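Hi,

Here is the model I promised to pass on.

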Amino acid sequence: MPLIMGMSILLACQFLGELLARGLTLPIPGPVIGMVILLAGLMIRGKVPDSLRLTGEGLLRYLTLLFVPAGVGLMVHFRLIGMDVWAILVTLVVSTALTLVATVWVLDRLNRRRGRGRA
Amino acid sequence: MNVADLDQLWVYLSGNPLLSLLATLVVFALAVWINRALGGTALLHPVTLSIAMLIGLLLLVDMEYATYFEGAQFIHFLLGPATVALAIPLYDHRERVRRLLGPLLIACLVGIVTAVVTTLGVALAMGAQPATLLSLAPRSVTSPIAMGIAEQIGGIPSLAAGLVLLTGSIGCALAPWVFRLLRVSDPAVQGFALGLSAHGFGTAQAFARIGAVAGAFSGLAMGLTGLLTAFLLPLLTRLFGLS
């Protein structure tokens, strides 16, 4: 039963999220809204029910597997990727490097300043 | 005993969702095994490996992606509830989040804006097609969220998912080099940066290579980035005049 309870909670949150996203024509995917709903619910309840933890953490442990079917869909886009292969590769490498540098730099500075303020 | 014709058997099997579902699971297990045998390198992630092997397999037996997806959709469907489940690690680390909320939010915003603006900027400069551009835009967000966002802004979800996976492996490969360059040793900072720029791949890497604190902050960054990007990206693409 715990798996069924946990799955029901997750699906109910997703369902509510989809309902809100479609109903209010929000530019946010339904499952993301579902995540916020679940977070709010957990804050109110003050703890994660065992059934939910079992199912949720089980799903997250195999999160990588869940990407595979969509990733295989890359084969449909070979032509588009072929046209843009250099644009895609250069963009991914340059942008990922810059994102890492910017995040690390900002967080490290803010962290240090806060540390000094306290000391 | 009667034995059915081999080609008739194949017609039956290839039209049945069972085969592609089983193939996905077996190939993934094999990919995990290969990755482990190679010392768990970030350059050959089990997911990247599975996708390459499955594409090869489909091309080999001449099966359409749509036919494959009829079976694989059962796995694909679980991305929705898995996205919702990201609320659990976020909730677990709420105290730490509350303490560091200001710096984390600022760093997250800076990271997202850097990711989106440099992605769109470089891709535009390199002359990428509009559909590629819009599928690249959400690339630093974890796949389930990125696919939703890509769909919203007019990109191609499956292309976005693939690009997200590539981003993840590139981020994991670049991160140690960036940390050394900027002389950052704080595991919280390292983890957060990994989760922000390389989502699930980064989080797995943070747990495995740096430690539990880095892993927690990485998971947090992944959730926060997904959430904020979902709100911000439609606005930013409009700013670039793309949708």
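This is a predicted model: local features need pLDDT of at least 70, side-chain atom pairs count only at pLDDT 80 or more; totals for chains, interfaces and linings use all residues.

Residues are numbered from 1 along each chain as its sequence is written, and chains are lettered from A and ligands numbered from 1 in the order in which they are written.

Chain A has six helices and zero strands, where helices (H or I, at least four residues) and strands (E, at least two) are DSSP runs numbered from the N terminus. Its C-alpha trace spans about 55 × 50 × 30 Å along the principal axes. The radius of gyration of chain A is 20 Å, whereas a compact globule of 119 residues would come out near 14 Å; that value is taken over C-alpha atoms, and the globule rule is 2.2 Å times the number of residues to the power 0.38.

Of the 119 residues in chain A, 44% are buried. Buried means 20 or more other C-beta atoms within 10 Å of the residue's own, exposed means 12 or fewer, and partly exposed is in between, with C-beta atoms placed from the backbone.

Helix 4 (residues 63–72) of chain A is largely enclosed by the rest of the structure, because 10 of its 10 residues are buried. Among them are A:Leu63, A:Phe67, A:Pro69 and A:Val72.

Helix 3 (residues 50–61) of chain A is another story. Its 12 residues reach 16 Å from first C-alpha to last, close to the 16 Å expected at 1.5 Å a residue (that is, 1.5 Å times one less than the number of residues). Buried here are A:Leu52, A:Thr55, A:Gly56 and A:Leu59. They cover an arc of only 95 degrees around the axis, which puts them on the same side of helix 3 of chain A; the arc is that of the directions from the helix axis to the C-beta atoms. The face turned away from that buried side carries the exposed residues A:Asp50 and A:Arg61. The cover over the buried residues of helix 3 includes helix 1 (2–23) and helix 4 of chain A, together with helix 5 (79–85) and helix 6 (87–92) of chain B.

On to chain B. An unreviewed UniProt entry annotates "transmembrane region" over several stretches of chain B, including residues 18–35 and 103–126. Residues 18–35 of chain B are 100% helix and 0% strand, with end C-alpha atoms 26 Å apart. Residues 103–126 of chain B are 96% helix and 0% strand, and there the end C-alpha atoms are 34 Å apart.

Cheers

Conventions:
Two residues are in contact if their C-beta atoms, placed from the backbone, lie within 7 Å. UniProt positions are given in the numbering used here, feature names are shortened, and annotations may be inferred rather than shown by experiment.
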